[in-house]
Amino acid sequence: MKNYKIIVIGAGPAGLAAALQASKDGIDDILVLERDKYMGGILPQCIHNGFGLEYFDQELTGPEYADKFIKDIDKNNIKVLTETMVLNINQDKIITALNKSNGVLKMKANTIILAMGCRERTRENIQIPGDRPAGILSAGTAQRYTNIEGFIPGKEVIILGSGDIGLIMARRMKLEGANVKAVLEIMPFSSGLVRNKVQCLDDFDIPLKLKHTITRIEGKKRLKRVEISKVDKDFNLVEGTQKWIDCDTLLLSVGLIPENELSKAMNLKLHPVTGGVYVNENRETELKGVYACGNVLHVHDLVDWVSEEAEIAGRSAAEYLNGNQEKRNQPIKITPEKNVTYTVPQKIEYKFKDKKFIKIFLRVEKPMENVKIVFSHNEKSILSYDKKIVMPGEMVTVNLPAALIKNDMEEIKLSIVEKVGEKNGRT
Amino acid sequence: MEEHDIICTGCPKGCRVTVTVEKDEITDIKGFECPTGKEYAINEYKNPTRILPTTVRVKEGEFPLVPVKTAKPIPKSLLLEAMKVIAEKEVIAPIKIGDTVIENILDTSVNIVATRNIEKK
Ligand SMILES: Cc1cc2nc3c(=O)[nH]c(=O)nc-3n(C[C@H](O)[C@H](O)[C@H](O)COP(=O)(O)OP(=O)(O)OC[C@H]3O[C@@H](n4cnc5c(N)ncnc54)[C@H](O)[C@@H]3O)c2cc1C
Ligand code: SF4
């Protein structure tokens with residue numbers, strides 16, 4: 001059986017950045033496996049601009065962002081097998097994959113980097129009653145049809161979900177000549193960027209209906225109409241607000257789920273909030289030498305953070321292979337507290353060596369203004385950052401300096417508190 | 001006197017900035033919480049511009065479309081018209097990222113450029 005030092009699963013931005021980093025760190029024997037025909041993951045279909053402002057300090061479209069990595073992959077002679085679907089990975093790091101020209105492939109890796117990304121929630125996941133006609137598809141699928149495969153899924157369009165993908169597709173369908181009748185959002189606020197709301201909806205007078213959802217679907221072969229209803233703050237339907245809207249296409253943009261079948265096959269436990277595996281600061285999973293990064297670990301809103309996280313995984317895999325890691329006496333748990341829904345990583349396990357800080361990714365429960373992000377140990381604040389505004393749709397990143405971390409620590413808690421004057425120092 | 005509400009996209013706060021105009025002159029700007037918002041509102045009122053990302057049909061390519069964008073922002077009011085011009089265009093593979101696909105769209109002196117490499121089939 002052929003053995004590789006690193007096998008990366010998925011050639012999206014996460015997989016590519018991880019492979020490149022490991023290669024830069026001196027690992028020469030890297031294989032990337034990708035089930036699609038091309039590299040870049042979801043990016044080649046995200047033809048809109050808005051990528052790269054954090055990572056490249058330059059505004060790029062999705063395909064342009066991907067190209068920067070793809071070029072370097074070729075330059076560094078990293079081996080990529082496309083149209084190769086990984087079917088299974090076991091705990092001994094033996095990978096089974098399927099490929100048109102070779103049939104079933106089996107190979108072994110010293111380290112594995114999981115970078116399978118995520119998939120979209122479907123109608124089944126959210127359960128809308130009614131008929132099952134054609135014309136109902138996820139916003140991402142519609143994006144792929146419209147931007148890569150070259151056909152427009154419909155003419156009279158309703159979009160459910162006002163996250164960025166829903167907003168971007170509203171504009172895209174409109175530009176292609178469709179009549180986008182409304183974007184519905186069950187929450188009282190859009191989870192998308194303000195910029196996308198302005199440039200994708202307001203620019204084209206597409207109405208955004210907050211606190212609205214779809215309660216019924218009608219159509220024999222093709223979708224004919226949907227019933228929309230208003231919901232109250234507990235998401236119960238408000239009687240008497242039902243209304244039918246004619247349409248031939250319904251795009252669902254109702255959230256993403258990390259694609260963790262392979263992680264489950266390795267018996268890795270999934271986090272109830274992120275839907276990804278548990279990792280330490282190196283993005284190493286509960287299995288030594290197996291790493292995870294990008295959307296398979298937790299859903300990122302900006303690809304820039306994906307690249308950064310993937311580099312951590314790639315660098316750590318190289319350190320592991322070079323025997324350049326030392327465990328702490330005891331791991332330090334990182335626990336989300338007040339208003340924080342999750343953190344990545346969930347623990348710190350290794351000594352820092354030359355690392356100056358650890359970057360913590362977190363998400364907040366609700367929109368809040370003028371807040372402090374507080375790290376505390378034994379109920380005492382050890383560090384805090386001020387922030388003008390936090391939103392559930394926007395991942396927050398904070399640095400935890402190595403100098404603050406003491407050997408005897410067992411747990412660090414993270415919370416978000418509103419600033420009430422300055423007297424309220426406790427968390 | 002007329003008032004224009006403009007939502008600042010400078011940060012997630014999304015301040016609603018009100019620009020008051022009298023005889024085509026801005027007389028008052030309210031509602032911004034930082035200088036970015038003021039500047040943004042003035043530009044948005046005077047000359048709102050956008051980058052236009054879309055696709056162009058490709059012949060003999062590995063994919064039937066190549067993604068493109070305006071190399072610079074163009075006036076917002078021209079977006080739909082520009083789409084009509086772009087819809088007429090067809091290019092032949094191979095295409096390199098950055099290649100000009102349409103020159104000087106609608107006399108804006110802005111080019112439409114490819115944003116992905118498309119190989120020949
Ligand atoms: C529809 C959509 C729109 C988005 N829009 C924006 C935006 O406007 N701006 C922004 O910054 N970010 C945006 N994002 C987010 C950004 O694109 C993602 O954060 C980023 O692509 C995630 O990178 P990734 O490598 O983790 O996953 P992906 O890009 O999803 O890549 C995962 C790769 O793994 C492959 N794979 C999965 N399972 C297997 C298997 N078993 N075997 C082999 N290969 C496998 C997949 O084919 C895919 O190529 C968007 C995301 C989506 C889904
Ligand atoms: S005015 Fe300033 S604070 Fe308000 S949205 Fe714009 S950038 Fe943000």
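Helices (H or I, at least four residues) and strands (E, at least two) are DSSP runs here, numbered from the N terminus. This is a predicted model, with pLDDT of at least 70 needed for local features and 80 or more for side-chain atom pairs, while totals for chains, interfaces and linings use all residues. Residues are numbered from 1 along each chain as its sequence is written, chains are lettered from A and ligands numbered from 1 in the order in which they are written, and side-chain values use heavy atoms, leaving out hydrogens and water.

Q: What makes H8 and S23 of chain A part of the lining of the second largest pocket?
A: A pocket is an open set of points, on a 1 Å grid over the protein atoms alone, where a 1.4 Å probe fits, with protein on both sides within 12 Å along at least five of seven lines; lining residues have an atom within 4 Å of a point. H8 and strand S23 (357-364) of chain A each supply at least two such residues, and H8(A) gives the largest share, six.

Q: Which residues lie nearest the centre of that second largest pocket?
A: Ile312(A), Arg315(A), Glu319(A), Lys355(A) and Phe357(A), out of 21 lining residues.

Q: How is the lining of the second largest pocket split by class?
A: Asp, Glu, Lys and Arg count as charged, Ala, Val, Leu, Ile, Met, Phe, Trp, Tyr, Cys and Pro as nonpolar, and the others, Gly among them, as polar. On that basis the lining has twelve charged, five nonpolar and four polar residues.

Q: How much of ligand 1 does the protein bury?
A: Going by Shrake-Rupley accessible areas with a 1.4 Å probe (for residues, only the protein chains shown count as cover), ligand 1 alone exposes 990 Å², and the protein buries 94% of that.

Q: What puts Lys388(A) and Cys8(B) around ligand 2?
A: A residue is near a molecule or strand if one of its heavy atoms lies within 4 Å of it. Lys388(A) and Cys8(B) are among the residues around ligand 2, which lies between chains A and B.
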